[in-house]
Amino acid sequence: MILDCHMHSWRYPEDFNREVMLANQPERRRSWPDERFHAMWHLPIDAYLKEMEASPVDKALLLGLKAGDSFGVQVDNAYLAEVARSHPDKLVWGCCVNPTDPGAADEVARWVRDYGAVAVGELGPGYGGYDLDDPRCFPLYEAAIDLDIPLVIHAGPVQARFGRLKHTDLAAVDEIAIRFPSLRIVICHLGYPRYEEAAFLVAKHENVYADISWLPQIAGLDRRALSRYLPQVEFPYFHLAYPLLYYFTQTFGEPDKLLWGSDFPACSPGTSIQAVRDVNRILEKHGLPKIPEAAIERMLHENWRKVFTKVS
């Protein structure tokens, strides 16, 4: 079974702080009528399900985001729970909170026990303005251990104008992995662009994993997404082949700790899977060693089972 370990859905304007969203836009967009922002930002689940049907994906993990004050997106957990409930054969979901909030642990427990959340995430310390190793977060981590659910963390830098890079230090992941050795942690996007540091943490800690969501998009391999977000530059070596090659050549211990996810809408699931399966073609082009095909297929089909134990 292929589980898309990282994708999104949200509603515009319900899940947006419009003032912050506008402040993050280029000057040329700030006079747009609201209809254009609706067309750009509204992301109903049907858009993903349509692409899912055309891909090999069997099930997907729907993640939230709490970035209302920095990026403008503040996805309602009740919406995510209802979407997942409406498509139980296709979707599972993760609840998102600010872990420094006094009631965060109790809130997560309620979403897990009463509404079936299978993870906490996508946590974004750079978006939310907190440090992962802030002691105020520790009750949430303890609750996640008790509930047997992982944390899915955007631990690297964020692009939102008001996101603060001082909160994105991957050393904080090292700290919480040491303090909470039975807490399963997933570093999103293999720590983009701090691939080497993230790969080292995955190798160092038994309880730390990483997903490779979004990498095909920034490598320029999803042309649809590229035309929306990035200049027309394709660089699959640095943003896909190199991170994977670095991981597989530097990892000591358990090698099967990378998970596949699309980060939809940043990447379509079918294109992302094809890009991962084509990585050896890119490496061969550069005269570099290949990654075992069996390891790539385990990344797609099997590795997620170690992390998302409530998904079947």
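A: Ring pairs link Tyr192, Tyr195, Trp214, Tyr237, Phe238, Tyr242 and Tyr246 into a cluster, where rings of Phe, Tyr and Trp (its six-membered ring) pair if their centres lie within 6.5 Å, and planes under 30 degrees apart count as stacked, over 60 as edge-to-face and the rest as tilted. This is a predicted model, in which local features need pLDDT of at least 70 and side-chain atom pairs count only at pLDDT 80 or more, while totals for chains, interfaces and linings use all residues. Residues are numbered from 1 along each chain as its sequence is written, and side-chain values use heavy atoms, with hydrogens and water left out.

Across the whole structure, a search finds 18 aromatic pairs. One of them joins Trp93 and Trp111 edge-to-face, at 5.7 Å centre to centre and with 85° between the planes. Trp93 belongs to strand β5 (residues 91-95) and Trp111 to helix α5 (residues 104-115), so this pair ties together parts that are 18 residues apart in sequence; such elements are DSSP runs numbered from the N terminus, helices being H or I of at least four residues and strands E of at least two. Trp93 is buried at 1% relative accessibility, and Trp111 is buried at 7%, where buried means under 20% relative accessible area, exposed over 50% and partly exposed in between (1.4 Å probe, protein chains only). The ring centres of Tyr192 and Tyr195 are 6.3 Å apart with their planes at 55°, so that pair is tilted, and both of these tyrosines are buried.
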